[in-house]
Amino acid sequence: AGAGTAGFKRASRIASLEISEIVQLAERAAVLRAEGRDVISFATGEPDFPTPLHVVEAAHAAALAGKTRYPATLGTAELRAAIAAINDVTAKEVIVSTGAKQVLANAMLATLEPGDEVIMPAPYWTSYSDIVSMAEGSPVVVACPMAEGFKLSPAALEANITPRTRWLMLNSPSNPSGAIYSPEEIRALADVLARHPHIWILADEIYEHLNFVPFHSFKACAPELAERTLIVNGVSKAYSMTGWRIGWGVGPAELIKAMGTVQGQITSGACSIAQAATLAALTGGQALLDERRSAMRARRDKVVRALNAIPGIDCPVPDGAFYAFPNVEGVLKAGGFASDADFCGWLLDKAGIAIVPGRAFGLPGHARLSFAYSDPELDAGLARMSAAVTARIN
Ligand code: PLP
């Protein structure tokens with residue numbers, strides 16, 4: 001194949017699109033804005049609140065104090081100790097990475113053999129399937145329909161397990177559905193997993209603090225599976241620190257060591273200044289978490305109400321995170337759209353509203369709107385979306 005792009009085998013293994021559909025939408029919205037269009041984007045899962053001042057000040061102090069040298073591969077001793085204390089484990093069971101996304105990538109790169117299967121209930125966060133494919137694994141997508149609360153049932157889990165299953169990726173609270181697994185639901189899945197000791201569990205709990213019903217960690221509900229459970233978390237969402245790029249994994253020391261090898265050799269450790277800032281976020285006052293949760297709850301209620309008032313849209317109430325994931329099949333049918341992507345493309349071009357098609361999350365017929373946006377943006381955007389859809393289908 002010579003030097004042609006056909007040689008880029010690993011990159012071409014990404015099952016979906018070269019750049020994530022969400023990034024593409026955001027870029028298209030930016031182009032339209034540059035052309036002078038008034039575009040309102042609900043495409044990105046990024047809190048609009050600023051990073052707390054004491055966190056920014058801690059970063060400033062760290063930089064002034066000369067914490068600007070290569071950090072330890074697995075994370076600074078102080079931050080690993082703080083995360084260990086919160087999770088009731090030892091620091092050896094903690095790895096700090098440049099965001100939760102890198103934790104996921106490290107885990108897959110460290111553990112998958114070509115063809116190993118990873119079960120991911122759909123809708124799943126867009127990057128899951130691509131990360132698994134890049135690590136030469138096979139995503140096993142299990143559709144979890146709205147009627148089942150977008151949650152994986154024990155029967156569906158059992159039916160998709162094979163001798164090649166390596167991981168189950170579970171995300172609660174979920175991006176994009178907002179679903180939160182109850183202790184009973186986690187227990188039912190754990191009972192299945194107990195019969196299949198070759199399967200590891202990756203519990204992505206990055207929306208832990210953005211819950212509108214009680215949240216329960218997978219590990220707390222299934223402690224007997226702790227030696228094959230990796231908890232993934234980070235500061236991006238709850239502390240409005242997306243750009244600081246800090247996330248972490250909490251799991252058995254041997255797994256953490258293997259992930260550290262990947263991180264040390266290829267993906268690199270996390271920024272020392274951002275780690276100092278994260279330490280301040282985790283050890284400082286936590287009242288802001290309650291404030292942000294209440295703000296998001298009010299937005300959730302407003303968005304769900306507005307969406308359900310649009311003909312053809314059926315939006316369940318999300319229990320957590322900051323996304324609405326309505327079924328839009330009524331709009332597709334009445335509006336003559338070929339697919340959810342066709343609808344979302346039209347909505348952006350016609351009405352200047354950016355939302356993400358459900359197919360990006362492995363569950364077509366839906367669309368995701370992030371409500372991590374200001375009230376004026378939400379009000380204006382929802383009104384415009386309602387007017388455009390209503391005009392199209394009437
Ligand atoms: N996991 C889920 C479910 C997410 O929604 C995201 C970000 O959107 C991530 C992980 C990645 O988070 P980070 O910003 O820490 O890389």
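This is a predicted model: local features need pLDDT of at least 70, side-chain atom pairs count only at pLDDT 80 or more; totals for chains, interfaces and linings use all residues.
**View 1. The annotated stretch and the whole chain.** Residues are numbered from 1 along each chain as its sequence is written. For residues 38–382, an unreviewed UniProt entry gives the feature "domain: Aminotransferase class I/classII large"; annotations of this kind may be inferred rather than shown by experiment. The secondary structure of the chain comes to 15 helices and twelve strands, taken as DSSP runs (H or I of at least four residues for helices, E of at least two for strands) and numbered from the N terminus. The C-alpha trace spans about 60 × 55 × 50 Å along its principal axes. With 394 residues, a compact globule would have a radius of gyration near 21 Å, and the chain agrees, because its value is 21 Å; the radius is taken over C-alpha atoms, and the globule rule is 2.2 Å times the number of residues to the power 0.38.

**View 2. The shell around the ligand.** The ligand is surrounded by 13 residues, the closest being G99, A100, K101, N175 and S236, where a residue counts if its C-beta atom, placed from the backbone, lies within 6 Å. By class, this shell holds three nonpolar, eight polar and two charged residues, with Ala, Val, Leu, Ile, Met, Phe, Trp, Tyr, Cys and Pro counted as nonpolar, Asp, Glu, Lys and Arg as charged, and the others, Gly among them, as polar.

**View 3. Helix α12 beside helix α15.** The axes of α12 (residues 287–308) and α15 (residues 375–393) come within 10 Å and cross at roughly 10 degrees, which means that α12 is roughly parallel to α15 (angles under 35 degrees count as roughly parallel, and 65 to 115 as roughly perpendicular). Axes are lines fitted to C-alpha atoms, for helices over the stretch in contact, and angles run from 0 to 180 degrees between N-to-C directions. R299, K302, V303 and A306 of α12 meet L378, L382 and S386 of α15, contact meaning C-beta atoms, placed from the backbone, within 7 Å. This contact has four nonpolar, one polar and two charged residues.

**View 4. Helix α14 against helix α15.** Helix α14 (residues 340–351) packs with α15 at an angle of about 110 degrees, their axes being 11 Å apart, so α14 is roughly perpendicular to α15. On the α14 side the contact is made by L347, K350 and A351, and on the α15 side by R384, M385 and A388.

View 5. The peptide bond from A122 to P123 is cis, with omega near 10 degrees, and P123 lies in the loop between β3 (117–122) and α6 (127–134). From S172 to P173 the peptide bond is cis, with omega near -10 degrees, and P173 lies in the loop between β5 (165–171) and α8 (183–194). D88, in the loop between α4 (77–87) and β2 (94–97), has phi near 60 degrees, a positive value in a residue other than glycine.

Methods: Angles under 35 degrees count as roughly parallel, over 145 as roughly antiparallel, 65 to 115 as roughly perpendicular and the rest as oblique. Two residues are in contact if their C-beta atoms, placed from the backbone, lie within 7 Å.
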